[in-house]
Amino acid sequence: MKTSPRRGPFVAAVLAGLALLLLMVATAGDVYTPLGNANPGPSTTFGFAIVRFLAVIAEAGCLGGLVFASFIAQGRKDGRLSADAYEAVRFAAGCGAGWFVMAVTAVPFSAAVAAGLPIEETLRPEVLVPTMSATEEPKAWLCVAAAAAIASIVARQALAWRTAVTAAAAALAGALPLAAVGRAAVGAGHDLATNALLLHAPAASIWLGSLIALIARLSRSTAAEPFLRRYRRLSTVCFGIVVLSGPIGGIVLARPDGLFGRYGLVLAIETSLIIGAGLARMAWGRRGPRRRLMLTELVLLAMATGGSVALTVLIPPSFIADPATVQETLLGYNLDAPPTLARMLLGWRPDLLFGSAAVIAVVVYLVGVRRLRGRGDHWPPGRTAAWLAGCAVIVVVTSSGLGVYAPGTFSLHMITHMALTMFAPVLLVLGGPVTLALRALPTAGADAPPGPRDWIVSLLHAPVTKFFAHPAMATVLYTGSFYGLYFSGLFDKAMPFHWAHQVMKAHFLITGYLFAWVVVGTDRTPRELPHLARLGMLFAVMPFHAFFGVALMSSQTVIGYTYYHYLDLTWVGDLLADQRLGGGIAWASGELPMVVMVVALLAQWARSDERKARRTDRRGDDELDAYNAMLAELAARKT
């Protein structure tokens with residue numbers, strides 16, 4: 001049977017990546033005995049590698065196809081999908097179905113590798129269920145399967161742009177679980193390696209999947225300059241993320257000594273393939289036979305995917321040469337010395353997720369301000385200062401010595417919590433980022449496809465935005481998070497996992513931003529509230545923060561005892577006393593942000609009344625002018 005001309009290049013790319021993967025696995029040697037694990041046999045080893053590779057390819061097709069449909073293909077002004085976007089969404093839905101099948105298939109394979117048993121024995125329920133409950137990777141594959149199913153179902157029903165974006169968000173969520181629980185999440189430096197992989201995996205999938213969708217689009221028609229321009233921008237960003245994050249994670253796991261072994265060789269091959277794909281992309285972006293260079297980029301990315309999957313099979317050299325301590329297992333690094341002012345100021349360890357995001361947010365914001373001023377528009381310096389201060393708070397509490405020591409003690413953790421929930425969000429919303437974006441971004445012409453400005457406007461009016469930005473919902477999330485996290489046992493279960501720390505940081509920042517946006521935000525909210533109602537919201541949440549701090553100070557049970565006990569930081573002392581100190585920090589630190597919000601709200605209220613008074617005066621002047629004109633007209637008639 002002959003392969004369709006449209007599918008031939010894709011099949012060839014997948015086969016090339018699969019061949020490279022099987023070659024690397026076949027020459028890897030014994031990857032189980034050095035770790036003290038039983039060998040599950042070649043059928044399980046090779047079968048799991050093949051299933052994982054196909055799952056990654058299907059993930060790229062689903063996520064990249066949805067990103068292509070949402071942000072690259074030409075949309076319509078009424079919010080409906082164009083014909084090209086609809087084709088990409090249908091392609092993504094099919095890939096999502098295949099992704100779901102591969103993820104479900106990977107569950108028993110991952111359990112078989114963890115248990116050291118052949119796949120046929122692991123399929124028995126009495127073996128599979130206990131293994132799944134005792135290991136994390138099979139659970140992660142179940143999460144991937146759920147996300148793939150949601151993305152595929154939503155994409156299949158998508159006719160509007162917002163629906164495609166919703167499906168893309170589900171697919172993006174499915175690209176993260178494996179990065180959070182793989183070998184990168186174990187041992188010394190796992191905080192750096194996990195964060196790098198959380199950036200690497202979705203960026204690589206978006207790059208590969210959007211390229212596949214673009215080639216499929218060009219096979220139907222060559223008139224696609226807007227597609228090419230937007231793809232070039234997206235792929236440049238993805239290339240930068242992938243080419244930096246991959247080596248960072250690999251070097252952490254290999255250590256400098258391990259770079260000269262088999263693991264380092266595979267890492268070098270993968271990185272070289274990614275760089276080659278990036279060079280091919282830049283070449284067809286400027287000159288040369290476009291389709292041939294596109295296919296070269298596709299093949300190189302598929303082979304790099306095979307190398308990436310091979311790294312999950314090989315043993316990271318650090319596991320053998322430098323076994324992790326208990327603290328490195330839990331934190332990724334040791335905290336042998338107590339925190340001092342010098343260590344807090346100088347002991348930086350970058351948070352590749354939040355620290356990098358804050359720095360990028362600063363750069364993008366300043367570019368927007370420069371664009372406004374370049375065309376003669378005014379932007380208040382106070383807003384710029386507020387935004388920069390908010391981003392600085394995020395960088396300090398996540399990447400400085402404070403961020404390094406925060407996971408070790410409850411009191412320092414509470415400082416991070418309060419800073420991300422109350423201090424940073426207030427400063428960020430006072431910066432008015434949405435207003436700046438709407439003023440700085442160009443408006444798409446009548447015949448032009450929707451652009452970033454149109455996307456922002458559409459998302460601001462989306463039902464999900466209106467739901468979470470509702471005053472009642474924002475208040476419940478803002479106040480209920482404190483009690484739901486610390487008094488439900490969830491904190492105890494989350495602390496041993498690095499990915500849970502990152503989820504907590506994101507939750508703190510998002511819920512704090514939502515509440516501050518509704519109360520004192522410079523940007524317009526979907527539901528405008530009178531200033532008196534906003535002031536009432538502020539006064540309503542104040543007692544909840546006070547009660548939370550008092551409850552911590554009066555508690556007789558150590559929250560997260562198992563985690564802190566295993567961490568065994570000798571310089572901490574009494575865990576209950578440290579927890580009470582954290583309660584005092586929560587009780588005291590909530591006052592200053594509330595005062596800032598009250599002052600900002602009163603200032604906004606005064607400016608609003610002043611504008612209203614000026615409008616009333618102008619209306620009164622207009623009415624007086626009209627009255628005088630009427631009298632003059634009557635006098636003229638009598639004359």
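Me: Contact here means heavy atoms within 4.5 Å of each other. The model is a predicted one. Which residues in α7 do Cys62, Leu63, Leu66, Ser70 and Phe71 in α2 meet?

Reply: Two heavy atoms count as touching when they lie within 4.5 Å. On the α2 side the residues are Cys62, Leu63, Leu66, Ser70 and Phe71. On the α7 side they meet Trp161, Ala164, Val165, Ala167, Ala168, Ala171 and Leu172.

Me: How do α2 and α7 lie to each other, roughly parallel or roughly antiparallel?

Reply: Two packed helices are described by the angle between their axes and the distance between the axes. For α2 and α7 the axes are 9 Å apart and the angle is about 150 degrees. Angles over 145 degrees count as roughly antiparallel. The pair α2 and α7 is therefore roughly antiparallel.

Me: Is the way α2 passes α7 a left-handed or a right-handed crossing?

Reply: The axes of α2 and α7 pack at about 150 degrees. The handedness of a crossing is a separate description, and for α2 passing α7 it is left-handed.

Me: At roughly what angle do the axes of α6 and α7 cross?

Reply: The axes of α6 and α7 come within 8 Å. That makes α6 roughly antiparallel to α7, and their crossing is left-handed. The angle is roughly 165 degrees.

Me: Which residues in α7 do Val144, Ala147, Ile150, Ala151, Val154 and Ala155 in α6 meet?

Reply: Helix α6 covers residues 137-157, and helix α7 covers residues 161-174. From α6, the residues that take part are Val144, Ala147, Ile150, Ala151, Val154 and Ala155. Their partners in α7 are Thr163, Thr166, Ala167, Ala170, Ala171, Ala173 and Gly174.

Me: What does helix α7 reach from its first C-alpha to its last?

Reply: Helix α7 has 14 residues. At 1.5 Å a residue, the expected value is 20 Å, and the model comes close to that. The reach of α7 is 20 Å.

Me: Which helices do the buried residues of α7 pack against?

Reply: A residue is buried when its relative accessible area is under 20%. In α7 this holds for Trp161, Ala164, Val165, Ala167, Ala168, Ala170, Ala171 and Gly174. These buried residues pack against α2, α3, α6, α8 and α21.

Me: How many residues apart are arginine 217 and aspartate 84?

Reply: The side chains of arginine 217 and aspartate 84 meet in a salt bridge, at 2.9 Å from N to O. Arginine 217 is in helix α9 and aspartate 84 is in helix α3, so this pair links distant parts of the chain. Arginine 217 has 7% relative accessibility and counts as buried.

Me: Is aspartate 191 buried or exposed?

Reply: Aspartate 191 forms a salt bridge with arginine 349, at 2.7 Å from N to O. Arginine 349 lies in the loop between α15 and α16 and aspartate 191 lies in helix α9, so the pair ties together parts that are 158 residues apart in sequence. Arginine 349 is partly exposed, with 22% relative accessibility. Aspartate 191, with a relative accessible area of 8%, is buried.

Me: Which residues is aspartate 191 in contact with, leaving aside its neighbours within four places in sequence?

Reply: Aspartate 191 lies in helix α9. Its salt-bridge partner, arginine 349, belongs to the list of contacts. With neighbours within four places left aside, the list is Leu331, Gly332, Tyr333, Arg349 and His498.

Me: How far apart are the closest N and O atoms of glutamate 136 and lysine 139?

Reply: Glutamate 136 is partly exposed, with a relative accessible area of 33%. Lysine 139 also counts as partly exposed, at 33% relative accessibility. A salt bridge needs a side-chain nitrogen within 4 Å of a carboxyl oxygen, and for glutamate 136 and lysine 139 the closest N and O atoms are apart by 3.9 Å.

Me: What separates the C-alpha atoms of leucine 575 and histidine 378?

Reply: Leucine 575 is found in helix α28 and touches Val558, Tyr561 and Tyr564, not counting residues up to four places away in sequence. Leucine 575 and histidine 378 are 197 residues apart along the chain. Their C-alpha atoms are separated by 52 Å.

Terms used:
Residues numbered from 1 in each chain as written. Predicted model: local features only at pLDDT ≥ 70, side-chain atom pairs only at ≥ 80, totals over all residues. Heavy atoms only, no water. Helix = DSSP H or I, 4+ residues; strand = E, 2+ residues; numbered from the N terminus. Expected span 1.5 Å × (residues − 1). Buried < 20%, exposed > 50% of the residue type's maximum accessible area, 1.4 Å probe, protein only. Axes fitted to C-alpha atoms, helices over the stretch in contact; angles between N-to-C directions. Parallel < 35°, antiparallel > 145°, perpendicular 65-115°, else oblique. Left-handed = near helix turned anticlockwise from the far one by under 90°.
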